[in-house]
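Please work through the following exercises with the sequence and the structure side by side, and try each task before you read its solution.

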Amino acid sequence: MNVVVCVKQIPDPADPGALDPESKTLKRDGKLILDESDSYGVEMALQLAGDSGEVTLVSMAPNGEVSGLRTALAMGAAKAVLVSDDALKGSDALTTAKVLAKAIERAGSYDLILAATESSDGYTGTVPEQIAEVLGLPSVTFAKAVTIDGTTVKVDRQTEAGYDEVTCPLPALVSVTAGVVEPRYPSFKGIMAAKSKPVDQVTVADLGLDAANVGWAGAGQEIIEVAQAEARQAGEVIEDDGEAFNRVVGFLSDLKII
Amino acid sequence: MKFTDEHDQFRSAIRDLVEREINPHCDTWEADGIFPAHDLFAKLGQVGVLGIEYDQAYGGQGADHSFTLVMGEEIGRCHSGGVAMAISVQTDMATPALARFGSHELKQRYLAPAMAGEMVAAIAVTEPDAGSDVAGLRTKAVRDGDEWVINGTKLYITNGTQADWLCLLARTSDEGGARGMSQIVVPTDAEGFSVSRKLDKLGQRSSDTAELSFVDVRVPVDNTIGEAGRGFQQQMAQFQNERLIANYMSAANMRLALDRTIAYVKQRRAFGKTLADQQWIQYKLAEVIAEVDVVTHYNHACAEAVVAGADPFTVAKMASIGKLKCGRLNREVADLAMQFHGGIGYMEETWTARYFRDSRLISIGGGADEVMLRIIAQLEGISGDPR
Ligand SMILES: Cc1cc2nc3c(=O)[nH]c(=O)nc-3n(C[C@H](O)[C@H](O)[C@H](O)COP(=O)(O)OP(=O)(O)OC[C@H]3O[C@@H](n4cnc5c(N)ncnc54)[C@H](O)[C@@H]3O)c2cc1C
Ligand SMILES: Cc1cc2nc3c(=O)[nH]c(=O)nc-3n(C[C@H](O)[C@H](O)[C@H](O)COP(=O)(O)OP(=O)(O)OC[C@H]3O[C@@H](n4cnc5c(N)ncnc54)[C@H](O)[C@@H]3O)c2cc1C
């Protein structure tokens with residue numbers, strides 16, 4: 001069982017990020033790290049691939065960034081394909097999906113592709129499904145459990161009410177939620193071994209894509225304005241007169257939480 | 001210190017582990033007066049934290065001392081000094097002599113499982129009547145055929161109620177003073193061994209500290225670490241590891257405390273502005289930040305000296321200077337953190353209260369400040385060169 005995992009490398013959320021005032025996109029010139037959201041996919045892939053299979057990473061990131069890939073390789077992935085090219089600056093979600101689809105084809109034979117439901121920085125939550133569409137594969141979203149049964153994948157798909165049990169033929173793309181599995185910590189030995197694992201760094205041209213169709217040139221989306229989110233309003237304080245629970249219940253059911 | 005990408009990766013793995021597996025449980029463990037050492041050490045073992053510099057043949061990582069520095073700095077960020085101390089006992093206080101001088105069989109039997117986190121280790125040196133003056137210890141091991149017969153008492157022993165084995169320092173001849181001592185591995189299931197009591201302490205409350213009793217405890221003479229009669233010297237070498245790791249943890253812990261204090265004074269308002277807007281607070285914080293930065297870099301210089309293979313006297317002097325400075329500074333930082341938090345800082349619900357208690361130990365444990373001064377004076381040739 002070979003699994004490909006899409007892993008996004010993002011600016012460290014612990015450091016305050018900044019937007020480029022020109023393009024209104026996140027600045028990504030500093031060091032990037034593995035998006036925590038993707039550590040779940042990596043762990044799931046390692047568990048599904050077991051000893052007989054192989055886990056391959058694909059990532060698109062600026063400046064040949066490999067730091068986040070090294071973390072995932074240290075966890076146990078075997079190899080990676082990294083797409084890095086100045087021409088990709090300004091790529092929107094669909095372009096990202098097209099590029100990653102090509103990178104996945106380059107990664108070799110696979111039975112399953114995993115991605116996170118949404119990234120921690122961009123969080124459009126659209127890239128995985130677009131990759132599936134580009135590759136002509138079925139996709140299952142919001143997986144909170146994934147098992148393989150012969151030539152099918154079984155997914156518990158999180159819904160508002162609970163979860164659906166979905167069965168889908170392989171190969172397929174599954175996007176997983178945080179908590180699908182508990183990601184392992186990279187070990188010292190894993191970190192040292194990751195140094196010598198292959199990272200195949202490619203450009204847009206290497207993937208057979210036309211630079212005119214990616215990046216700013218190819219973007220079908222444009223960020224027109226970025227506005228500060230409205231400051232959170234002060235909450236309502238309910239004094240407990242012995243009946244306060246009724247108002248709490250009423251409030252929650254108005255919000256359709258219960 | 002030049003950190004590579006591998007150092008950064010290792011640092012971030014340990015930081016995640018501390019934040020996910022340790023910090024959320026600290027309140028409970030503090031209240032319980034103990035933490036689940038076997039559980040936690042198994043997790044640390046998987047990441048390779050428990051045998052960083054030890055031989056790969058026994059499951060160690062075979063890394064150099066710079067990775068111990070990284071580990072110490074990250075474990076130092078635990079929200080409970082007790083847990084950090086207990087981990088460092090396993091990694092750098094109870095095991096270095098065994099790794100350095102132990103026989104193949106002894107390392108297989110005790111070091112390998114300690115590195116995997118399957119066995120908990122403790123270091124048993126201090127006694128009711130001998131702490132700073134290690135040469136005054138009285139616990140005795142008398143040879144009977146192929147066995148040592150051990151009698152005595154050990155006090156303030158970290159991991160004491162949970163340990164599977166002890167690195168015991170005992171007298172094995174009647175020579176007296178620093179001569180005629182040996183380090184012996186004592187499994188805690190040996191007959192005649194018992195935990196007399198678990199001690200109630202000011203700080204480090206999540207760590208179990210115990211008084212241990214030995215009544216005709218028999219262990220094989222093969223359990224001797226290294227050479228019989230060389231125990232004192234081997235223990236003095238082991239103390240250097242103990243002090244270095246304590247310094248690394250302490251500096252990181254101080255920096256964390258300062259960062260948390262800065263975050264607090266930036267949002268707490270008084271007299272129409274934030275506390276951070278008061279110049280007194282800015283300068284006081286800047287002052288200690290400067291001092292913490294200096295000891296942090298001194299620690300890095302110590303680690304570099306160890307990596308470069310500096311002679312034991314140089315390492316001993318640097319470790320002692322670092323420990324003296326970290327111990328004193330930690331008390332100052334804890335006082336400042338408490339002061340700038342005001343009333344809430346005095347409350348048990350705020351981290352400052354625990355830190356205030358925990359911070360006091362480093363000037364006492366592993367050689368008190370005055371013992372550090374004594375060593376520095378000796379090594380500087382002021383009080384007569386011990387060489
Ligand atoms: C006009 C425009 C310009 C932009 N310019 C830039 C730019 O210059 N530089 C830039 O970095 N971003 C840029 N972005 C943002 C970028 O398009 C998105 O971040 C990116 O397409 C992924 O979308 P997302 O993070 O919302 O992915 P989501 O759909 O939320 O991601 C879900 C999952 O898909 C996978 N995935 C997503 N992206 C990647 C990736 N790059 N590599 C591997 N796996 C991935 C991961 O598993 C991820 O968790 C731009 C966006 C727009 C609209
Ligand atoms: C929480 C905790 C955990 C510990 N864990 C362990 C452990 O795991 N294993 C272990 O073996 N021990 C352990 N110890 C013991 C610790 O190492 C000793 O407490 C320490 O070395 C001091 O020894 P003492 O308590 O006997 O103090 P004493 O030797 O009685 O000294 C008392 C004080 O006298 C002063 N003093 C000492 N010598 C001189 C001098 N030459 N000149 C001037 N002043 C001097 C110092 O201020 C010192 O603090 C632990 C202690 C504590 C509190």
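**Exercise 1.** Which residue follows α4(A), and what is its phi?

*Solution.* The model is a predicted one, in which local features need pLDDT of at least 70, side-chain atom pairs count only at pLDDT 80 or more, and totals for chains, interfaces and linings use all residues. Residues are numbered from 1 along each chain as its sequence is written, while chains are lettered from A and ligands numbered from 1 in the order in which they are written. Helices (H or I, at least four residues) and strands (E, at least two) are DSSP runs, numbered from the N terminus. With this numbering, the residue that follows α4(A) is A:G136, and its phi is positive, near 70°.

**Exercise 2.** Find which residues of α4(A) are buried, and then what they pack against.

*Solution.* A residue is buried if 20 or more other C-beta atoms lie within 10 Å of its own, exposed if 12 or fewer, and partly exposed in between, with C-beta atoms placed from the backbone. In α4(A), the buried residues are A:V127, A:P128, A:Q130, A:I131 and A:A132. These buried residues pack against β1 (3–6), α3, β6, β7 (139–149) and β10 (172–176) of chain A.

**Exercise 3.** Determine how α8(B) and α9(B) are arranged.

*Solution.* Axes are lines fitted to C-alpha atoms, for helices over the stretch in contact, and angles run from 0 to 180 degrees between N-to-C directions. Helix α8 (residues 231–267) and helix α9 (residues 279–307) of chain B pack at an angle of about 155°, with their axes 10 Å apart. Angles under 35 degrees count as roughly parallel, over 145 as roughly antiparallel, 65 to 115 as roughly perpendicular and the rest as oblique; α8(B) and α9(B) are therefore roughly antiparallel to each other. Their contact, by class, has 14 nonpolar, three polar and one charged residues.

**Exercise 4.** Is B:R260 buried, exposed or partly exposed?

*Solution.* First locate B:R260, which lies in helix α8 of chain B. Next count its neighbours: because B:R260 has 16 C-beta neighbours inside 10 Å, it counts as partly exposed. Finally, look along the chain to B:A337, which is 77 residues apart from B:R260, and the C-alpha atoms of the two are separated by 8.5 Å.

**Exercise 5.** How many residues of chain B are in contact with chain A, and which element gives the largest share?

*Solution.* Two residues are in contact if their C-beta atoms, placed from the backbone, lie within 7 Å. On this basis, 13 residues of chain B are in contact with 12 residues of chain A. The largest share of the side of chain B that touches chain A, seven residues, comes from α1(B). By class, that side has six nonpolar, four polar and three charged residues.

How values were computed. Nonpolar A, V, L, I, M, F, W, Y, C, P; charged D, E, K, R; others polar.
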